[in-house]
Amino acid sequence: MRAITAPRTQDTVDTGWERKLWTVDEYHTFADRGLLKPEDRIELIRGELIHRMTQYSPHATAIVLIDHALRSVLKDGCMLRSQLPITLAPHSEPEPDVAVVRGGLRDYEDHHPEPQDVLLVIE
């Protein structure tokens, strides 16, 4: 078994077949064309389409508690996002449990936050 240490454009597996690693743009195209739906619970991580895990009660409670604690201390110019995408181009768009990002409510109408926008991520 080989460890994956960094994003890559393609990888040869033991069968000799080349595995296609998807980009954020391709991932968005899949969603735009209806090939991926919200109920599919898919994230793009290092070029691979990954099923998100089911959220059991303790996990869901932890997210709510973190959300509540952070909202009470956030300053103007920052906002809290729960389980929403962060674009890590070219090969990842995770949806962390909680993220604190720079900006206001309408700053991400046409794009998701990128690394320079992110102040804190909790997963």
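These legends walk through a few close-up views of a predicted model.

**View 1. A hairpin is built from strands S3 and S4.**
Strand S3 covers residues 42-45 and strand S4 covers residues 48-51, and the two pair in the antiparallel sense over four bridges.

**View 2**
Arginine 46 counts as partly exposed because its relative accessibility is 39%, and partly exposed covers the range between the buried limit of 20% and the exposed limit of 50%.

**View 3. Three strands make an open sheet in the order S5-S6-S7.**
The pairing in this sheet is antiparallel. Strand S5 (78-82) and strand S7 (118-122) stand at the edges with a single partner strand each, so one side of each has no neighbour in the sheet. From one strand to the next, the twist averages 15°. Looking at one pair in detail, S5 and strand S6 (residues 98-102) run antiparallel and are joined by five bridges. Serine 82 has valine 98 in S6 as its bridge partner.

**View 4. The loop between S5 and S6 holds glutamine 83 and proline 90.**
Glutamine 83 has a phi near 55°, a positive value in a residue other than glycine. With 28% relative accessibility, glutamine 83 counts as partly exposed. Further along, look for the peptide bond that joins alanine 89 and proline 90: this bond is cis, with omega about 10°.

**View 5. Aspartate 117 is buried yet has no salt bridge.**
You will find aspartate 117 in the loop between S6 and S7. Which side chain of opposite charge is the nearest to aspartate 117? That is arginine 102, 6.1 Å away, whereas a salt bridge calls for a side-chain nitrogen of Lys or Arg within 4 Å of a carboxyl oxygen. Leaving aside neighbours within four places in sequence, aspartate 117 is in contact with Val100, Val101, Arg102 and Tyr108.

Methods. Residues numbered from 1 in each chain as written. Predicted model: local features only at pLDDT ≥ 70, side-chain atom pairs only at ≥ 80, totals over all residues. Heavy atoms only, no water. Pairing = 2+ DSSP bridges. Axes fitted to C-alpha atoms, helices over the stretch in contact; angles between N-to-C directions. Buried < 20%, exposed > 50% of the residue type's maximum accessible area, 1.4 Å probe, protein only. Lys, Arg positive; Asp, Glu negative; His and termini not counted. Contact = heavy atoms within 4.5 Å.
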